Amino acid sequence: MQLRIFCNFANDKILNNLYMKKTMKKLLMLMAGITMYACSATAQPEGEGVALTPEQQAAYQNIMTRTSIRSWKDKAVEQDKVEMLVRAGMAAPTAVNRQPWHFVVLIKRESIDLLATGRGGGMVRKAPLAIVVCGDMNKALEGPAQEFWVQDASAATENILLAANALGLGAVWTGAYPITERVNGIKEALGLSENLVPLCVILIGYPNENPEPKDKWKPENVTYK
Ligand SMILES: Cc1cc2nc3c(=O)[nH]c(=O)nc-3n(C[C@H](O)[C@H](O)[C@H](O)COP(=O)(O)O)c2cc1C
């Protein structure tokens, strides 16, 4: 009897040990699983030791993957996406929140073709969509601060380029201001009112090319103090 109890006790001990081992194994596997999930959910940007959530990673990658696209598929950009682009433009910061801009959205082939003059005309003729980002001098600040409109409209332009990239579109900023000839050419071609000054024409569409984004990282262009 005593021997049996001892055996039972011994068995229990062995069984307990086995149970503990199994539980530990399960626990370890669970921890490994959690760690792997955490790692995949905090992928890191190249060369940096910053842990990012997938949303942060996507937002950063959208900036880093934007590149100028100058060839497009023969496919119209959906109206909802066109509006999203303009909304992104208007979300840009402006001096004193003045928003001294106007966006001329060219969706008709014949309207876009009005801009197809001189060098780059061929590219314009192939673009399914063009947004002319203008400064509106009736809304711009007074005096020396008036020139802030250029920075405001540039911020809007970059927002549109980034939104285009995020929406699977490709775009290129073609500059107008401060080249008087280009500014007047666009104003005349589109019959813009006197108060509007075109900063640039953004040509947009579904990409028909897949260029690598340029690596512009130059540490020598940075000073830390
Ligand atoms: C103010 C400005 C004017 C530009 N004008 C033109 C242009 O007239 N034609 C063009 O093809 N690209 C133009 N670009 C696009 C640049 O060539 C392009 O951004 C630059 O080569 C860097 O390439 P990435 O946009 O692929 O990074 C312009 C860009 C800026 C910011």
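**View 1. The order of elements along the chain.** Read from the N terminus, the elements of the chain follow one another as α-α-α-β-α-α-β-α-β-α-β, in a model that is predicted. The chain holds 7 helices and 4 strands. Of its 225 residues, 21% count as buried. Among the contacts in the chain with a separation of 6 or more, 75% are made by residues 24 or more positions apart.

View 2. The 4 strands are arranged in the order β1-β2-β4-β3, forming an open sheet in which the pairing is antiparallel. Because β1 and β3 stand at the edges and each has a single partner strand, one side of each is left without a neighbour in the sheet. From one strand to the next, the twist averages 25 degrees.

**View 3. Strand β4 and its two partners.** Strand β4 is mostly covered, with 9 of its 10 residues buried. Its pairing with β2 is antiparallel and extends over 8 bridges, and one of the residues to look for here is Leu129, whose bridge partner in β4 is Ile204. Strand β3 also runs antiparallel to β4, to which it is joined by 6 bridges. Within β4, Leu203 is the bridge partner of Val172, while Val201 is the bridge partner of Thr174.

View 4. Helix α6 comprises residues 148-166, 19 residues in total, and reaches 27 Å from its first C-alpha to its last, which is close to the 27 Å expected at 1.5 Å a residue. Helix α6 is followed by Gly168, a residue whose phi is positive, near 80 degrees.

**View 5. Helices α6 and α7 on the sheet.** Helix α6 lies across β1, β2, β3 and β4, and the direction in which α6 runs is at about 10 degrees to β4. Helix α7 (residues 180-190) also packs on the sheet, where α7 touches β1, β2 and β4, but the direction of α7 makes about 80 degrees with that of β4.

**View 6. The crossing of α2 and α6.** Two packed helices are described by the angle between their axes and the distance between the axes. The axes of α2 and α6 come within 9 Å and cross at roughly 110 degrees, and, because angles of 65 to 115 degrees count as roughly perpendicular, α2 is roughly perpendicular to α6. The crossing in which α2 passes α6 is right-handed.

Methods. Residues are numbered from 1 along each chain as its sequence is written. This is a predicted model: local features need pLDDT of at least 70, side-chain atom pairs count only at pLDDT 80 or more; totals for chains, interfaces and linings use all residues. Helices (H or I, at least four residues) and strands (E, at least two) are DSSP runs, numbered from the N terminus. The expected span of a helix is 1.5 Å times one less than its number of residues. Two strands pair if DSSP finds at least two bridges between them. Axes are lines fitted to C-alpha atoms, for helices over the stretch in contact, and angles run from 0 to 180 degrees between N-to-C directions. Two residues are in contact if their C-beta atoms, placed from the backbone, lie within 7 Å. Angles under 35 degrees count as roughly parallel, over 145 as roughly antiparallel, 65 to 115 as roughly perpendicular and the rest as oblique. A crossing is left-handed if the near helix is turned anticlockwise from the far one by less than a right angle, and right-handed if clockwise. A residue is buried if 20 or more other C-beta atoms lie within 10 Å of its own, exposed if 12 or fewer, and partly exposed in between; C-beta atoms are placed from the backbone.
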